[in-house]
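Reader: I would like to learn how to read a protein model. Can we go through one together, feature by feature?

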Amino acid sequence: MDITRRNALMLPVGLGALGLLPQSAAGEGELPLNDDGLHTQPWFHTSFLDLKEDAQEAHDAGKSFVILWEQRGCPYCRELHRINLADKELSGYIQQNFVVLQLNLYGARTVTDFDGKEMEERELARRWRVNFTPTISYFAGDPEKYAAKDGGALEAWRLIGYWKPFHFKSSFVYVETGGYASEPNFQKWLTERREALKAKGEKVDIW
């Protein structure tokens with residue numbers, strides 16, 4: 001099945017998407033938690049939760065803006081932190097090219113959407129139709145040129161579920177390089193990226 005921008009949003013890749021997290025995931029060292037009980041990273045963006053302002057700050061720094069939706073007790077979120085974000089090369093790429101803001105799917109903090117409307121995190125999630133964690137919303141381009149729309153309508157790309165490291169990093173490359181604009185079929189773009197890396201003699205660990 002071809003994965004276009006729309007149907008890819010509902011087809012997460014990897015063992016987590018199948019509910020097959022490794023047994024070792026529950027038995028290893030504890031990960032840092034924030035006040036909401038979400039796994040966290042020290043480099044996540046500290047924000048006043050005005051999303052257009054955050055996106056502008058990222059753009060001014062030469063980066064794109066990302067919102068990472070998580071919820072307390074989410075095993076797929078834990079795997080994201082335990083495996084993907086623990087990879088220094090992978091997390092380093094994200095930090096170099098993106099500003100990442102973490103939001104709580106059921107949180108009560110007040111957030112200002114891109115169109116200026118204020119609401120709690122959980123209401124914002126409903127507005128954007130985010131109903132699974134982790135979900136990553138990617139925003140690209142100059143926020144000054146955004147139309148007065150909510151973030152769900154302004155996303156350049158959305159990633160749903162736990163994806164294995166190669167696919168996960170590739171989604172960030174897809175946005176950072178503008179691949180989402182030139183090739184809306186992510187599966188085709190990903191296959192071409194994989195083959196190009198192999199042609200260079202690089203190891204591609206899909207699973």
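Reader: Which residues form one aromatic cluster?

Author: Start with the general idea. A pair of aromatic rings is described by the distance of the centres and the angle of the planes. Rings of Phe, Tyr and Trp (its six-membered ring) pair if their centres lie within 6.5 Å; planes under 30 degrees apart count as stacked, over 60 as edge-to-face and the rest as tilted. Here the cluster consists of F65, W69, F114, W128, F139 and Y146. The structure holds 18 aromatic pairs.

Reader: What should I know about the model itself?

Author: This is a predicted model: local features need pLDDT of at least 70, side-chain atom pairs count only at pLDDT 80 or more, and totals for chains, interfaces and linings use all residues. Residues are numbered from 1 along each chain as its sequence is written, and side-chain values use heavy atoms, with hydrogens and water left out.

Reader: What is the order of the strands in the open sheet?

Author: Terms come before the case. Helices (H or I, at least four residues) and strands (E, at least two) are DSSP runs, numbered from the N terminus. Two strands pair if DSSP finds at least two bridges between them. In this model, four strands make an open sheet in the order β2-β1-β5-β6, with mixed pairing. Its edge strands, β2 (98–104) and β6 (157–160), each pair on one side only.

Reader: How many bridges join β1 to β2?

Author: Seven, between β2 and β1 (residues 64–70), and these two strands run parallel. β1 and β5 are antiparallel, with five bridges. Look at I67. It stands opposite L101 in β2, and opposite S137 in β5. Then β5 (residues 135–139) pairs with β6 over four bridges, in the antiparallel sense. There, Y138 has W157 as its bridge partner.

Reader: Why is β5 largely enclosed by the rest of the structure?

Author: Because five of its five residues are buried. Buried means under 20% relative accessible area, exposed over 50%, partly exposed in between (1.4 Å probe, protein chains only). In a regular strand the side chains alternate between the two faces of the sheet. In β5, T135, S137 and F139 lie on one side and I136 and Y138 on the other, all buried. In β6, W157 and L159 point one way and R158 and I160 the other way, and all are buried.

Reader: At what angle do helices α7 and α9 cross?

Author: Axes are lines fitted to C-alpha atoms, for helices over the stretch in contact, and angles run from 0 to 180 degrees between N-to-C directions. The axes of α7 (residues 165–176) and α9 (residues 186–199) cross at roughly 105° and come within 11 Å. That makes α7 roughly perpendicular to α9. Angles under 35 degrees count as roughly parallel, over 145 as roughly antiparallel, 65 to 115 as roughly perpendicular and the rest as oblique.

Reader: Which residues is R109 in contact with, leaving aside its neighbours within four places in sequence?

Author: Contact means heavy atoms within 4.5 Å. R109 touches L49, Q102, L103, M119, E120 and E121. R109 sits in the loop between β2 and β3 (110–112). At 36% relative accessibility, R109 counts as partly exposed.
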